[in-house]
Amino acid sequence: MTELTDQKQTTLAAIAAATTLDALEEQRVGALGKKGWVSLALKTLGQMSPDERKDAAPAIQAVRAEVADALDARKTALETAALEAQLASETIDLTLPPPAAAKGSIHPVSQVMDELAEIFADLGFAVATGPEIEDDWHNFTALNMDESHPARAMHDTFYFPDKSADGGEMLLRTHTSPVQIRSMKDQGAPIRIIAPGRVYRSDSDATHTPMFHQVEGLVVDRDIHLGHLKWTLETFFKAFFEREDIVLRLRPSYFPFTEPSVEVDVGYSNEGDRRVVGGHGDAEGHDWMELGGSGMVNRRVLEMAGVDPDEYQGFAFGLGIDRIAMLKYGMNDLRAFFDGDPRWLQHYGFSPFDQPTLSGGVGVRP
Ligand code: FA5
């Protein structure tokens, strides 16, 4: 028994002195493991007489319990100390400045759409929208392009495999002009709207992308004529480019939905590799650039949209937003607009605080 007490004292001292879980495990195996001294002592009970066993058994069991309790207590203490040390080493100093991270920016196309809305709102236009997944009737037929019309071939259209509920073709709209039809059907005349948005054509090079942006303009009222169209576009471009020397050229053209139709060109000059709007396109060092199409709304279109063409006339225009953004902010490849390259966005993007306003300026440079 004395031997057992000595072994117990030695083991309890070693447990108290253990500083790692491994050292503690060594003590457990040495005492309570299969060949540990407590286990060996328990095995001696079998050879004892019943009287001897009566005294020895509770004594050995008491030693066993004492050693097991000491192991448990020391294990808990070591684990708590390890956790506290880890927590102390992993503190976060909230007073440190945040690490440098790329900030988001407003895409030039979104910024230009806001500029358009601001300028046209001042001229009394509301902003209208329509679906990008359109049916053949709104995109073509109601715009005076029935199924056999050759002008349909001018738009490289993305069609969907499934037809609409009434059996018509479904497609990605090829221009914003279907919003003219939807707005007139909804609101009737008189009407004054712009409709900015995405359009799709299977077309791609440095100045054409399969998805691009247009803004449609539509004014329908009594006694509207081509002079109103020219004044509106000139007033818009002067405000948009923030310069007075904007010269527009209206070039005779053809669109099935307008009659007469005119293509809108703006005079510009080259400064290095940048095109700068302003001046007469025929002047020395100048040229013309096409910005969009326009014209007087064809009376057949008014009829199809439920407006009486004997009472109302209108003009409409469709401008390429990406093109006017490139011209204003000096990018030279349209494809970069849609690459999502953070360096390009950082350079050409806008801060959310650069809200275009007529009083503060619609052309704040980033
Ligand atoms: C039209 O889309 C007519 N709906 C415009 C219109 C509206 C005419 C109302 C009359 C009345 P057009 O296909 O020319 O027209 O396109 C208009 C403008 O969109 C072009 O002048 C050009 O600035 C821009 N655009 C056309 N195709 C692309 C393209 N693939 N990528 C970028 N911009 C384009």
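**View 1. The ligand sits in the largest pocket.** A pocket here is an open set of points on a 1 Å grid over the protein atoms alone, with protein on both sides within 12 Å along at least five of seven lines. To "sit" in one, a molecule needs more than half of its atoms within 2 Å of the pocket's grid points. This is a predicted model, where local features need pLDDT of at least 70, side-chain atom pairs count only at pLDDT 80 or more, and totals for chains, interfaces and linings use all residues. Residues are numbered from 1 along each chain as its sequence is written, and side-chain values use heavy atoms, with hydrogens and water left out.

**View 2. Strands E5 (211–221), E9 (286–297) and E10 (313–320) each give two or more residues to the shell around the ligand.** Strands are DSSP runs of E with at least two residues, helices are H or I runs with at least four, and both are numbered from the N terminus. E9 hands over the largest share, 5 residues. Sorted by class, the shell has 7 nonpolar, 13 polar and 5 charged residues; Asp, Glu, Lys and Arg count as charged, and Gly goes with the polar ones.

**View 3. His 175, Ser 177, Arg 201, Gln 214 and Glu 290 come nearest of the 25 residues around the ligand.** Being around it takes a heavy atom within 4 Å. Taken alone the ligand exposes 670 Å², and the protein buries 94% of that (Shrake-Rupley areas, 1.4 Å probe).

**View 4. Asn 144 shows a positive phi of about 70° although it is not a glycine.** Look for Asn 144 in the loop between helix H6 (136–139) and strand E3 (170–172). Most residues other than glycine have a negative phi.

Conventions. 1 Å grid on protein atoms, 1.4 Å probe; cavity = no way out; pocket = protein on both sides within 12 Å on 5 of 7 lines; lining within 4 Å.
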